[in-house]
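Open the structure in your viewer and keep the selection panel at hand. The tour goes stop by stop.

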Amino acid sequence: MAPAFADIPKPKIPKGKGERCVEDTNVMRKNHMEFLLHQRDETVHDGIRTKKHSLKECLSCHAVHDENNMPVGIDDKRHFCNSCHAYAAVSIDCFECHQSKPDVLKVSGSSP
Ligand code: HEC
Ligand code: HEC
Ligand code: HEC
């Protein structure tokens, strides 16, 4: 770590479930947004559905549980997707439509 960064708090990223991610962890760190956006385009425009890069799968392995063992939502700063985004000042609109918790992950509104 370069000395200039020594004082900057690093994000604490909750550990994912299982042995590995859908791609190498380093690849995911850098390129997860591309997988997600690509996946969305395929599903929405071409009706292609694969599980590999599905948002639902991400959240099922990356669910963070609170003290009552309930999965936290995107409004909680402990949520996996917030762990870096808050730190990196990234803001995403995905969870205006998509559920941010596993199991109940559905698109709200009138979509199927
Ligand atoms: C305006 C509402 C809306 C917003 C905002 C939105 N989506 Fe979606 N998304 C949808 C709908 C509708 C579908 C298609 C529903 C389906 O096929 O289950 C979809 C499907 C998807 C899929 C494929 C299905 C799945 O579960 O994997 C992915 C991946 C996805 N969106 C990711 C994203 C990401 C990442 C963002 C934020 C950058 C985002 N979406 C923002 C409405 C939205
Ligand atoms: C089968 C379970 C599983 C699925 C599905 C999964 N992940 Fe992962 N993910 C992991 C594991 C295990 C790691 C590496 C261990 C860890 O968390 O440090 C990881 C690492 C990551 C990292 C890097 C975290 C870090 O410490 O820097 C990101 C970002 C990530 N995943 C995003 C996603 C996204 C986005 C999806 C959906 C497209 C997804 N993951 C799907 C299990 C999964
Ligand atoms: C390892 C840290 C980390 C984790 C965990 C993480 N992200 Fe990100 N994400 C980033 C960074 C950093 C950027 C900004 C990258 C850039 O601007 O090049 C980003 C950008 C994005 C973008 C593109 C935003 C834009 O406006 O371009 C989307 C979509 C996204 N992330 C979705 C997710 C979702 C969904 C999750 C949870 C499943 C997640 N990310 C978890 C670090 C992370």
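Start by selecting ligand 2 and the shell around it: eight of its residues are nonpolar, seven polar and six charged. Here Ala, Val, Leu, Ile, Met, Phe, Trp, Tyr, Cys and Pro count as nonpolar, Asp, Glu, Lys and Arg as charged, and the others, Gly among them, as polar.

A note on the view. This is a predicted model, where local features need pLDDT of at least 70 and side-chain atom pairs pLDDT 80 or more, while totals for chains, interfaces and linings use all residues. Residues are numbered from 1 along each chain, chains are lettered from A and ligands numbered from 1 as written, and side-chain values use heavy atoms, without hydrogens or water.

Next, select the iron atom of ligand 2. Its protein donors are Cys21 (SG) and His62 (NE2), 2.0 to 2.2 Å away; donors are N, O and S atoms within 2.8 Å of the metal (3.2 Å for Na, K and Ca). Cys21 lies in the segment before α1 and His62 in the loop between α2 and α3 (80-88), so the pair ties together parts 41 residues apart in sequence. Helices are DSSP runs (H or I, at least four residues), numbered from the N terminus.

Now select Arg29. A polar atom of its side chain is 2.3 Å from an oxygen atom of ligand 2.

Move to Gly16. One of its backbone N or O atoms lies 2.7 Å from an oxygen atom of ligand 2.

Finish on α1 (25-46) and α2 (55-61), which each supply at least two residues of the shell. α1 gives the most, with five residues.

Terms used
A polar contact is a pair of N or O atoms within 3.5 Å; within protein, one must be able to donate a hydrogen and the other to accept it, and residues adjacent in sequence count only if both atoms are side-chain atoms.
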